[in-house]
Amino acid sequence: MYKIKRWENLDGNFGILERWSEYIQELFYDERGQQPETQKPIEGPPILKAEVEKTMNDMKNGKAAGPDQIPIELLQTLGNWGIDQLTKLLNWIYDTGNIPKDMLISTFIILQKKPGATECENHRTISLMSHTLKLLLKILLTRIRSKIKPEISETQFGFVANKGTTNAIFTMMMLMERCIETQKDLYLCFIDYSKAFDKVRHEELFHILDNLDIDGKDLRILKTLYWKQTATVREGGEHSEETPITRGVRQGCILSPDLFNLYSEMILRELDNIQGIGLGGHNINKIC
């Protein structure tokens, strides 16, 4: 376990920030390779001014700014001129595949899960990122969601529009009642993913994405984002050193739920041939 307090070893005393930095390195570390090349043609429609304007208007106000300290409200006050400049910037990123370093840094804010917690695992991290990057990623999500959605099965309830945990529980109860009525045996196996978001392997995730009908420019941006992202921890008004993030979907990123669903869907497809319960001509053997 990782203690949030000063401790001493052969190298001397380490403060809270240093200990948090060590914990983050351990949590998000993976021995991955170099950033993979995008095998598809590097093409994709340009980002339109109308896309930027609509996405900006859809973003919520009152959210904490990222490391660049530029909130969405400031971008909105720039009016039409600001939308023109943002459109040029986002198209430059989109066309070159280069993301400015300030937009690649996330700041982790630490919150206790319970009073008096002294172990890092008993804390929750909230990620603050550039609002300009959020703007770009919301546009990308709109473009790629239609390519990801068909891959998600009907038995997937987590992070799916108009579905949720209550729907999954209700479905499970109905299946149990039906088995009791028909006097059929029902065997249940519950899988608890420990820190599932933080353990997604990037190389495998992008192997999946490479096989979808996603434009080359969109893929290149996502690969750059995942391979060059870093994070710092803010505690007591101070920041730790930057730590590379080499594992897990990005905390606080609008793309993460869709990417995680796609990743878990491909894992659970290995169960498709296992006999489950026949319902409406379908073999139901998992509920996610």
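# Close-up views of side-chain contacts

**View 1. A salt bridge joins Arg178 and Glu181, with closest N and O atoms 4.0 Å apart.** A salt bridge is a side-chain nitrogen of Lys or Arg within 4 Å of a carboxyl oxygen of Asp or Glu. The model is predicted: local features need pLDDT of at least 70, side-chain atom pairs count only at pLDDT 80 or more, and totals for chains, interfaces and linings use all residues. Residues are numbered from 1 along each chain as its sequence is written, and side-chain values use heavy atoms, with hydrogens and water left out. Arg178 and Glu181 are 3 residues apart in helix α7, so about one helical turn separates them. Helices (H or I, at least four residues) and strands (E, at least two) are DSSP runs, numbered from the N terminus. Arg178 is partly exposed at 46% relative accessible area, whereas Glu181 is exposed at 61%. Buried means under 20% relative accessible area, exposed over 50%, and partly exposed in between (1.4 Å probe, protein chains only).

**View 2. Asp95 and Lys217 form a salt bridge, their closest N and O atoms being 2.8 Å apart.** The pair links distant parts of the chain, with Asp95 in helix α4 (residues 79-96) and Lys217 in helix α9, 122 residues apart. Asp95 is partly exposed, at 42% relative accessible area; Lys217 is buried, at 14%. The count of salt bridges comes to 13.

**View 3. Arg145 pairs with Asp258 in a salt bridge, with 2.9 Å between the closest N and O atoms.** Arg145 has a relative accessible area of 40% and is partly exposed, while Asp258 is buried at 11%. A network of salt bridges also links Glu151, Glu265 and Arg269.

**View 4. Phe28 and Phe108 form a tilted aromatic pair, 5.9 Å centre to centre with 45 degrees between the planes.** Rings of Phe, Tyr and Trp (its six-membered ring) pair if their centres lie within 6.5 Å; planes under 30 degrees apart count as stacked, over 60 as edge-to-face and the rest as tilted. Phe28 lies in the loop between α1 (16-27) and α2 (49-58) and Phe108 in strand β3 (residues 105-112), so the contact ties together parts 80 residues apart in sequence. Both Phe28 and Phe108 are buried. The structure holds 5 aromatic pairs.

**View 5. Phe206 and Tyr226 make an edge-to-face aromatic pair, at 5.6 Å centre to centre and 70 degrees between the planes.** Phe206 is in helix α8 (residues 202-210) and Tyr226 in helix α9 (residues 216-228), so parts 20 residues apart in sequence are tied together by the pair. Phe206 and Tyr226 are both buried. Ring pairs link Phe206, Tyr226 and Trp227 into a cluster.

**View 6. The charged end of Lys163 sits over the ring of Phe157, 5.1 Å from the ring centre.** The criterion is NZ of Lys or CZ of Arg within 6 Å of the ring centre and within 35 degrees of the ring normal.

**View 7. Cys120 is buried, at 1% relative accessibility.** Cys253 is buried as well, with a relative accessible area of 5%. A search of the whole structure finds 0 disulfides (a pair of cysteine sulfur atoms within 2.5 Å).
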